[in-house]
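Here are my notes on this one, written as I went through it. Have the viewer open while you read.

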Amino acid sequence: MKLLKSKKLEDRRARLGAILPLLKKMYPQAKCSLDYKNPFQLIIATILSAQCTDERVNKVTPELFKKYPNAKALAAAPQDALEKDIQSTGFFRNKAKSLRGMAEAIVEKHGGQVPRTMEELTHLPGVGRKTANVVLGNAFDIAVGVVVDTHVARVSARLALTKQTDPVKIEQDLMQIVPREDWTLFSHLLIHHGREICQARKPKCSICPLLPHCPAGQKFVKTGEAR
């Protein structure tokens, strides 16, 4: 059993070794697509991005950042006013509650500064492991894990880098095979690839440079499920 697990791990590492250089060549400018200037702005934008496109979030945040420039200001925001400010991002009542709670906790427990550890971040209202990974990796350049969103989950499964469906287990699988220095970048690469080529309904497998290394893509091409 241990030998089988070891062989499967080595297979995944070998596939990743072939795929990663190609992704870096395809998306040399890959980075976080949320607009922000500091860690506090990024944590706000990431909370708003749940079930919402980054493009929509980026339209909402400029005015939001002006209105609530720091944790103290956001913590003092009236719930109804904040809901109106972020309404177009969806689930605005829960998001407004999370934003206010997050800001209050940062003021009360962290002196108004966004904390720099996974444990402290995930204890903030509305902040899960995914959001914490986004903030740590992009705002602080601290690689603690791999961000797993819908694109990362879909593309990594198609590339046979994981068989898991739970985001935490997917992250654990990816952390085993992706070099730590690439953890943050790898998520951006898969997100870009998921948006541009490896789309959910009709992936563009015929033009994908990763096709020779993608079991799902080869199957899609044979069955005519890809474009």
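The points below go from the ground rules to the overall fold, then to the salt bridges and a few local spots.

1. Ground rules. This is a predicted model, with local features needing pLDDT of at least 70 and side-chain atom pairs counting only at pLDDT 80 or more, while totals for chains, interfaces and linings use all residues. Residues are numbered from 1 along each chain as its sequence is written, and side-chain values use heavy atoms, with hydrogens and water left out.

2. Fold. You'll find 12 helices and 0 strands here, where helices (H or I, at least four residues) and strands (E, at least two) are DSSP runs numbered from the N terminus. The pattern along the sequence is α-α-α-α-α-α-α-α-α-α-α-α. With a radius of gyration of 19 Å, close to the 17 Å that the globule rule gives for 227 residues, the chain is as compact as a globular protein of that length. (That radius is taken over C-alpha atoms, and the rule is 2.2 Å times the number of residues to the power 0.38.) Along the principal axes, the C-alpha atoms fill a box of roughly 55 × 40 × 30 Å.

3. Burial and surface. Of the 227 residues, 46% are buried; buried means under 20% relative accessible area, exposed over 50%, and partly exposed in between (1.4 Å probe, protein chains only). The accessible surface comes to about 12,200 Å², and 53% of it belongs to carbon and sulfur atoms. Those areas come from the Shrake-Rupley method with a 1.4 Å probe, and for residues only the protein chains shown count as cover.

4. Take the contacts (heavy atoms within 4.5 Å) between residues at least 6 apart in sequence: 60% of them join residues at least 24 apart. On the charge side there are 37 positive and 22 negative charges, and their mean positions are 6 Å apart. Lys and Arg count as positive and Asp and Glu as negative, with His and the chain ends not counted; each charge is placed at NZ of Lys, CZ of Arg, CG of Asp or CD of Glu.

5. Salt bridges. How many are there? The count comes to 7, using a side-chain nitrogen of Lys or Arg within 4 Å of a carboxyl oxygen of Asp or Glu as the rule. One of them pairs Lys24 with Asp182, the closest N and O atoms being 3.3 Å apart. Lys24 sits in helix H1 (residues 2–26) and Asp182 in the loop between helix H10 (167–177) and helix H11 (183–196), so this pair ties together parts that are 158 residues apart in sequence. Lys24 is partly exposed at 35% relative accessibility, whereas Asp182 is buried at 9%.

6. Asp54 and Arg195. This salt bridge has its closest N and O atoms 3.0 Å apart. It links distant parts of the chain, with Asp54 in helix H3 (residues 54–67) and Arg195 in helix H11, 141 residues apart. Asp54 is buried at 16% relative accessible area; Arg195 is partly exposed at 36%.

7. The neighbourhood of Ser49. Asp54 turns up again among the contacts of Ser49, which, leaving aside neighbours within four places in sequence, are Leu34, Asp54 and Val57. Ser49 lies in the loop between helix H2 (39–48) and H3 and is buried, with a relative accessible area of 11%.

8. Glu171 and Arg129. Here the closest N and O atoms of the salt bridge are 2.6 Å apart. Glu171 in helix H10 and Arg129 in helix H8 (residues 129–139) are 42 residues apart, another link between distant parts of the chain. Glu171 counts as buried at 4% relative accessibility, Arg129 as partly exposed at 30%.

9. Helix H8. Buried or exposed? Mostly covered: 8 of the 11 residues of H8 are buried. Among them are Thr131, Val134, Leu136 and Gly137. The buried residues of H8 pack against H2, helix H7 (118–122), H10 and H11. Asp141, with a positive phi near 55°, follows H8.

10. Met118. This residue of helix H7 is buried, with a relative accessible area of 13%. Leaving aside neighbours within four places in sequence, Met118 is in contact with Arg129, Ala132, Asn133, Leu136 and Val144. Met118 and Asn138 are 20 residues apart in sequence and 13 Å apart in space, C-alpha to C-alpha.
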